[in-house]
Amino acid sequence: MFKNIQKYLLINHPLLWNLKIVPLSCILIVLNLIFFVIGYTNGAINFMETNDNYTYHKGDGFTIFFSILISLLVIILWLINYLKNNALKSFYPKNSFSLYKEWLLILLICFLNSSFILAYYYGKDVRIRSYYSEKEAKERCEILSEASFFINGSYSYNIDYDSDELMDKATDKGARLPNDTAAKPQDFFLYRGIKYHNFSLLNKNINSYSFFGFKEDSLRKIKIKDWLVDNKKEELKLLFKKYLAIAKEHKLKANISENQWFELIYDYPKYEKYKNIGSKEFELVYDNSKNKIDSTEQYYKTINNNLYLCNRYYVPEESLKHSYETIADSWVKSNANFQSLLVTLFVAIGLSLLFFSFRISSGRNWLITFVAMAVLNIFVGIITAICNSKFIYPTTIVILFLLLIIYFFIIIRNNKDKRISGITVNLILWILPIFGPIVYALVLEIAKKVSNYNYIQDIVVREKNYPLISFLKKYDLELLWVNVAFIFLMMLLFTIKIRKWRGIAEN
């Protein structure tokens, strides 16, 4: 089939025939589908796992290495066939847009060949998201976050850790010690005008998920505290029931019911006498040292010469948190997103311009350009290091690019000989993808330097007084997409001029 298609393209569409676009595209699409299936398979969640024994990223490194290896092999085999014939060197007639079409087709091949990793991670995200819709996953994470308030974890910061008694209590209750233990804050806190001890249940923290921000977490803590202060027993029991239902759905073990859980933590109105609920059944003690524990909550047990710290009351919090963090991340901050798509596109654009420059130029000019670019970067890098200025390198690149454009148009206008314009064309093509980001970074740094932006700490004042800087920082990703459009537009204009440049006599 491919042989007949190639035969037809040779007669009717020689550019498509020479690029091997049909068979290569089919092969690359199949390879992308294979990586998608691999990602979909690896995206399965084992709800029994915790952060200590997870395998979610297992195989990612091998898959990425394998995808890069396949990409290199495919691109090398394709280039061997593609570079056999060059219509430009054979003075084959071409219209004004033929070079632009050729670059677009090269870009398509490079994009498909660079998207294996993207397809793999997209397959993982699709599998993870298939468990629950975004709405349901968010509701479940909210239940888990609220219930974590009643599971062994950290307390808020205002605790006097210089007191030996409180230090022991903090260790018993699983509190996190602040960095500055020399500080001696008050040993109580106020909530709704009432004093509560720092180790009151009302002072507990909650687990957060990527669905929620700081404000949402704070409001959730307030809601739970109000339930406790207002003695809303049914709301608490319902929360525990929902939590344990989720655990049961995933066949995770808990040794308490919702009623037992409520009785263990209930101590209205001060909530100072309560039992800690463990986040798992037991954990291995590596140093074989028995720290002070509350025997009514925990105990030590030796199994096969290994020492374990066991919880008398526990729920599968660690397993649920690990699993639902993965689900939340797949919806909120997945690996296969617009940023990774943009990275893949920039890689494809860079490769396509490298191959295209070799196509329109010569191997000799291409190698000279490569050496010249390396020497230029080393030289400018040394100057930048000596002067210790972040403006030298981007300024040099911007000025060089503009000078190369001017020189190229002068060569075309004179229409006498090419001189060193073969090297010039290659440099223009290689700098084009990074020209926009460099201009962006340069403008941003100059604006900060001139306005003393970095010396102002107040974020509100910054955004109000420096709208240009705020705009550049806020819409950096969108401006990169604008840069992609700029590259396509510049290549349209530039390829038309390259066609004219090819007609100029050599030196």
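1. Is K270 buried, partly exposed or exposed? K270 is partly exposed, since its relative accessible area is 36%, where buried means under 20% relative accessible area, exposed over 50% and partly exposed in between (1.4 Å probe, protein chains only). This is a predicted model, in which local features need pLDDT of at least 70 and side-chain atom pairs count only at pLDDT 80 or more, while totals for chains, interfaces and linings use all residues. Residues are numbered from 1 along each chain as its sequence is written, and side-chain values use heavy atoms, with hydrogens and water left out.

2. On the overall make-up, the protein has 19 helices and 5 strands; helices (H or I, at least four residues) and strands (E, at least two) are DSSP runs, numbered from the N terminus. Of the 507 residues in the protein, 42% are buried. Among contacts (heavy atoms within 4.5 Å) between residues at least 6 apart in sequence, 76% join residues at least 24 apart.

3. K270 is placed in the loop between α11 (258–265) and β3 (282–285). Its C-alpha atom is separated by 8.8 Å from that of K195, with the two residues 75 apart along the chain. When neighbours within four places in sequence are left aside, K270 is in contact with I194, K195, Y196 and S200.

4. M48 belongs to another loop, between α3 (21–42) and α4 (60–82). M48 counts as partly exposed, at 45% relative accessibility. Apart from neighbours within four places in sequence, the contacts of M48 are H250, K251, L252 and S319. The C-alpha atoms of M48 and L320 are 8.1 Å apart, although 272 residues separate the two in sequence.

5. Helix α10 (residues 233–249) and helix α12 (residues 317–332) pack at an angle of about 75 degrees, with axes 11 Å apart; axes are lines fitted to C-alpha atoms, for helices over the stretch in contact, and angles run from 0 to 180 degrees between N-to-C directions. The two helices are therefore roughly perpendicular, a class covering 65 to 115 degrees.

6. Aromatic pairs number 32, under a rule by which rings of Phe, Tyr and Trp (its six-membered ring) pair if their centres lie within 6.5 Å; planes under 30 degrees apart count as stacked, over 60 as edge-to-face and the rest as tilted. Y268 and Y271 are edge-to-face because their ring centres are 6.3 Å apart and their planes stand at 80 degrees. Y268 is partly exposed at 39% relative accessible area, whereas Y271 is buried at 0%. F471 and Y475 form a tilted pair, 5.1 Å centre to centre and with 45 degrees between the planes. F471 is partly exposed at 42%, and Y475 is partly exposed at 32%.

7. Ring pairs also link F149, F150, F240, Y243 and W261 into a cluster.

8. Two arginines sit over rings (CZ of Arg, or NZ of Lys, within 6 Å of the ring centre and within 35 degrees of the ring normal). R129 lies over the face of W331, 4.9 Å from the ring centre. The charged end of R220 is placed over the ring of F212, at 4.0 Å from its centre.

How values were computed: Parallel < 35°, antiparallel > 145°, perpendicular 65-115°, else oblique.
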